[in-house]
Amino acid sequence: MKALIAMSGGVDSGAAAIMMKEAGYECIGCIMRLYDKEGSADIEDARAAADKLGIPFHVFDFRGEFREQIMCRFAESYINGMTPNPCVDCNRYFKFGLLSEKAEELGCDVLVTGHYACIDKETDDKGNEYYVLRKASDPAKDQSYFLHCLTQKELSHTMFPLNTISKSEARVLAGKYGLGNASKSESQDICFVPDGDYASVVESVSGSSFPPGEFTDTEGKLIGKSRGIIHYTIGQRKGLGIASTEPYYVCGICPEENRVVLGRAGDIMSTEARVRDVNWMRGEVPEAPVACKVKIRYRHKEDDALVIPTGKDTARIEFMNPQRAITPGQSAVFYDGDKVLGGGVFIRPGRS
């Protein structure tokens with residue numbers, strides 16, 4: 001069996017390569033070059049790991065595609081008053097899209113990444129087998145939230161070997177094989193926004209500058225001047241520069257007016273929302289509403305909800321408990337226990 005290992009230069013993908021090699025797979029390492037200002041350190045770290053393991057290594061240049069599909073979408077989302085999740089889009093279009101095509105071209109049976117998640121099989125009441133995505137065995141590292149876009153075809157040709165070990169064990173394994181990235185720290189930033197300055201990236205990618213705007217309250221009354229909508233996200237409290245005895249929160253963004261709506265804590269609570277680009281991991285839209293748990297952002301505990309399909313890739317979510325700061329552009333992911341049922345992108349919250 002032949003495996004294409006998606007290597008990032010970090011310890012997780014290096015450990016994944018080791019585990020696949022130990023399992024007897026013929027391994028090929030690769031890394032994606034995604035943007036112009038990307039440093040060469042990660043590429044060289046990945047190459048060094050592949051050399052240490054004695055496996056072939058490829059660099060796939062996807063810069064043009066990444067700018068169009070990820071960076072431009074990122075900028076467009078902020079310009080339209082949303083807060084995007086580029087890691088989900090990157091998984092959809094690149095790690096399990098273009099990279100899957102490369103795996104097929106190279107004659108590989110599986111694509112392997114360093115994600116912490118689990119792919120399993122189940123059988124329905126008619127005896128038909130299908131693939132399921134589950135949370136990782138290590139809850140602290142679970143990345144299933146970012147993988148809700150995977151299809152049955154992609155799940156059938158993908159492996160996540162790190163599901164069976166912890167992060168510390170991955171470091172030990174990499175060190176055992178002498179990989180230089182065994183102690184490499186992991187970045188918490190979006191790869192093309194390494195300093196966290198989203199607004200500068202939006203201006204650079206779009207080629208536009210964005211003027212200051214207005215803060216208003218929920219009744220439309222002027223409160224003060226904002227830096228412009230691209231600097232804010234729903235639920236934001238810090239950095240508003242508005243003096244008040246009771247904290248203000250961003251509860252609405254109006255791009256056509258360059259206006260940011262501020263409210264109190266109760267104004268960012270919602271019991272209903274709509275989602276688009278919904279992917280049901282079974283490949284079939286449920287015929288009835290689905291009672292499940294829904295996670296509204298990565299670092300958020302999922303809560304009870306009813307997901308009501310409204311079309312092939314749209315749905316309405318009714319939460320049993322009010323949710324704080326549902327944010328257009330972020331992902332809602334549906335869970336049944338540790339199993340991912342699917343997910344979509346928030347488009348509009350409804351106030352409680």
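Q: How far apart are the end C-alpha atoms of helix α1, and what span should its twelve residues have?
A: This is a predicted model, and in it the end C-alpha atoms of α1, which covers residues 11-22, are 16 Å apart. At 1.5 Å a residue, the twelve residues should span 16 Å, so the two values agree.

Q: Which residue just after α1 has a positive phi?
A: That is G24, which takes a positive phi of about 95°.

Q: Now the sheet with five strands: what is the strand order, and is the pairing parallel or antiparallel?
A: The order is β3-β2-β1-β4-β7 in an open sheet, and the pairing is parallel. At the edges stand β3 (57-61) and β7, each with a single partner strand, so one side of each is left without a neighbour in the sheet.

Q: How many bridges join β1 to β2, and what stands opposite I5?
A: Five bridges join these two parallel strands, and I5 has G29 of β2 opposite it.

Q: Which strands does α2 touch when it packs on that sheet?
A: Helix α2 touches β2 and β3, and its direction makes about 155° with that of β3.

Q: What about the open sheet of four strands, what is its order?
A: Its strands are ordered β9-β8-β11-β10, and here the pairing is mixed. The edge strands are β9 (222-226) and β10 (249-254), and because each has a single partner strand, one side of each is left without a neighbour in the sheet. From one strand to the next, the twist averages 30°.

Q: How do β8 and β11 run, and how many bridges join them?
A: Strand β8 (residues 213-216) and strand β11 (residues 259-263) run parallel and are joined by three bridges. Within this pair, T216 stands opposite V261 in β11.

Q: Switching to helix packing, at what angle do α3 and α7 pack?
A: Helix α3 (residues 63-79) packs with helix α7 (residues 198-206) at an angle of about 115°, and their axes are 9 Å apart. The crossing in which α3 passes α7 is left-handed.

Q: Which residues meet there?
A: From α3 come R67, M71, C72, F74, A75, Y78 and I79, and they meet Y198, V201, V202, S204, V205 and S206 in α7. By class, this contact has ten nonpolar, two polar and one charged residues.

Q: Last topic: where is N258, and what is its phi?
A: N258 lies in the loop between β10 and β11, and its phi is near 50°, a positive value in a residue other than glycine. Its relative accessibility is 18%, so N258 counts as buried, given that the cut-off for buried is under 20%.

Q: And where is D277, and does it count as buried or partly exposed?
A: D277 is found in strand β12 (residues 269-280), and because its relative accessibility is 34%, D277 counts as partly exposed. Phi of D277 is also positive, near 50°, in a residue other than glycine.

Key:
Residues numbered from 1 in each chain as written. Predicted model: local features only at pLDDT ≥ 70, side-chain atom pairs only at ≥ 80, totals over all residues. Heavy atoms only, no water. Axes fitted to C-alpha atoms, helices over the stretch in contact; angles between N-to-C directions. Left-handed = near helix turned anticlockwise from the far one by under 90°. Contact = heavy atoms within 4.5 Å. Nonpolar A, V, L, I, M, F, W, Y, C, P; charged D, E, K, R; others polar. Pairing = 2+ DSSP bridges. Expected span 1.5 Å × (residues − 1). Buried < 20%, exposed > 50% of the residue type's maximum accessible area, 1.4 Å probe, protein only.
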